[in-house]
Amino acid sequence: MYLRFFTAGLFLVICLFPSHGESATAAGQRCTRVAPGVWRVRFGQPEELTPIKFQEHPPRLEAMEKLQPVGKIPIDPADIGFSTSGRGAALKVPMTENERFYGLGMNLRVFRLKGKKIVRVSDNQTTDLGDSHAPAPIYVSSRGYGVLVDTARCASFYFGNLSANRDSAADEKESRDRKIADGVEELYRPRGPGSMFVGVDVPAARGVDLFIFAGPDLRQAVQRYNLFSGGGFVPPMWGLGVWYRASAKLDQASVMNFLREFRERHIPCDVFGLEPGWHSGCYPCTFAWSKMFPDPDGLLGETKQLGYKLNLWEHAFTRGDSPLYKPLLSWSGDFKVWGGLTPDFATAEGRKIFSDYHAKNFVDKGVSGFKLDECDHQPLSSTPWSFPEHSRFPSGLDGEQMHLLFGPLYQRTISSIYRDRNQRTFGLVRSSGPLAAPLPFALYSDAYDHRDYVRAIATSGFAGVLWCPEIRAAGSVEELYRRLQTSVFSAVTQVDCWFLKNPVWKQINKELNNEDKFMDDWQRTEAVCRNLLELRMSLLPYLYSAYADYHNSGVPPTRALVMDYPDDPAVADLDDQYMFGPSLMVAPLFAGEKQRTVYLPKGDWYDFWTGEKHVGGRKIEVSKPVDQIPVFVKGGTLLPLAKPVEYVSLDTCFDIEVRVFGSAPKSFVLYEDDGTTFDFEKGRQNLWELSWDGKSGSVRKTSRFDGPTRYKIVGWKRAGEQ
Ligand code: GAL
């Protein structure tokens, strides 16, 4: 049943990871070098259906060769403990006393991994246990390596807080030396060299594959993981512009009014999203237009003419009166969700039925992408909406495994429609998992804590996923600005007003907004928001180049400082500042804060707004007016800043001024391609190398793409010059 689909996956795995010589260790594990700097260590009999089996994007072996060569596996497989029991498989991966760990997916709450963590998909991220919209069983270490445990099970990890039995003499000595614990922390502190391991508990499995990624530093371990996953995806250029979603209650005429008003009022917007109301029935979904949208073709036509891309909300649970119901019935799980079918996207058949329908009815008619909602679940609720762990699917997956894989499989189903048409898409998703870097989706959440949203920007970088800290409503205008600023400096800038009738800058309060009661000075608020959105548009060429880097070298466009400064102890726990592209460091302010402390790593830093120079390796106090966010530019940077456009079209050419920070800046490579197809993979791309000789700037262009030029360098300016 699922075999046709899977054999493709397995074929890929075997052919693309040429065995570099399998060797068996004394302890009996089989160790194979599967890619430059990546080893697979097999313990026991791994399960058949694991994340790696569903990998569709081949590892970017050539790009991996370009990373710093590492000849030796960073952890000796013989030092890894393995056992099985009726419960499943267990591992003990060695660690050292001061080692720090990050990862296990994107997380709103947990930055550095300590103690017990569970790899569990959950919409509820109020615990510090690791629950997440995008969990992934991969961690990276401050000692410069990463470990992926290839399982779709709800695995638990114990970072150095387990004490295993040892021989009696050692235990006897430790007990003799043990002092009465002074407080809870001391009581729970792991003791003795015997406890220095990462314990991994993989339920149900009789064995497991570990993929070990060499560094030699933390950042390169992440790069290797992303490249092994297939490399980060390059979004269509329009996807980096501004996204807006309006109330689920709007009908076609009101949507059109919105679209026209944005253009009339010069609000930058590239992607307009329709929420559940476009379906004739949602929860579960029909995937058919409702009566509120009597002329979808007309809507799509006008949307296109005004330069927007249309994005449609949906979830996969399929209603009885949907045209998809009957064909999907035998390719679905055995439990309904909200009364709808759960398609088994791990079967070729289930996937084809779903994607053929979407291709014909939406993609071929001009829909640019989808928002894939509700594909996470609620393990901590007594009334979870989703399928239970003991569900069974035609592919052979059970509910526990499907929860981890559902988001990624759903993303693959939708994105393959676009790939087949040589068209790039960019969408949103509420659940993702391991090996996700090539998937063209960003995560979002109903949680709405600004501080947590910033932490998620930092943690998404360890996980090969992108995070969209969207804006909905706000308690004050200041909060609206502060949230929007973070969003401008993130992977996707989206204002998600799915419950607001009017633009949020007209009225921040939900009730008043829906009663059409606007704030007295809403035009001022709108103007500040417009400026911020224009700032986003001016960053597009810089950000697009950062995404090209994600693809080519695996460096995530947004990431924690510890990735760029792995040896600086001051950034080990820093999760309220992050890197945006190669050279900008962002330190958001939160509503109510007049100023904040910002840590500047060693080197020179320049205030993005004033050009003022700061010497790094220390903390500084920073305050900014409500319409500015603290951003610092690394010394030695050439920063391309574009004159903002309202949206990106096929013939958009950005007028770029290059800002020069520091006396001897490094060159900057501006990436250019057609912005919409996958032809860049065949080399149809141009690299513009910007350089500065101390007095003037120059551009050297390597041309392999002869389409309309996207960039025009109109000037060079030293930081601080007016
Ligand atoms: C939620 C989703 C929101 C919005 C809403 C519409 O599940 O997280 O972003 O789309 O559904 O019903």
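**Domain layout and ligand site**

The chain splits into three parts: domain 1 covers 240-540, domain 2 covers 551-630 and domain 3 covers 638-718. The model is a predicted one.

Take domain 1 and domain 3 to begin with. Their centres, taken over C-alpha atoms, sit 31 Å apart. To the contact, domain 1 brings 16 residues and domain 3 brings 18 residues. Put together, domain 1 and domain 3 bury about 1,500 Å² between them, and carbon and sulfur atoms account for 51% of that. On the domain 1 side, R419, N422 and R424 give up the most area to domain 3, together making 42% of what that side buries. R419 turns up again in a salt bridge, where its side chain meets that of E681 with 2.7 Å from N to O. Across the interface of domain 1 and domain 3 there are three salt bridges, and ten residue pairs are in polar contact there, both residues at pLDDT 80 or more.

Now for the ligand. Its surroundings are made up of E275, P276, Y283, W313, K371, D373, E374, R430, Y444, D446, D496 and W498. By type, that shell holds seven charged and five nonpolar residues, with no polar ones. For E275, an N or O atom of the side chain is 2.3 Å from a ligand oxygen. K371 places a polar side-chain atom 2.8 Å from an oxygen atom of the ligand, and R430 also has a polar side-chain atom 2.8 Å from a ligand oxygen. On its own the ligand has 310 Å² of accessible area, of which the protein covers 92%.

How values were computed:
Residues numbered from 1 in each chain as written. Predicted model: local features only at pLDDT ≥ 70, side-chain atom pairs only at ≥ 80, totals over all residues. Heavy atoms only, no water. Near = heavy atom within 4 Å. Polar contact = N/O pair within 3.5 Å; in protein donor to acceptor, adjacent residues only side chain to side chain. Areas by Shrake-Rupley, 256 points an atom, 1.4 Å probe, with all protein chains shown as cover. Nonpolar A, V, L, I, M, F, W, Y, C, P; charged D, E, K, R; others polar. Domains from an automatic or database assignment. Contact = heavy atoms within 4.5 Å. Buried area = accessible area lost by both parts, 1.4 Å probe. Salt bridge = Lys/Arg side-chain N within 4 Å of Asp/Glu carboxyl O.
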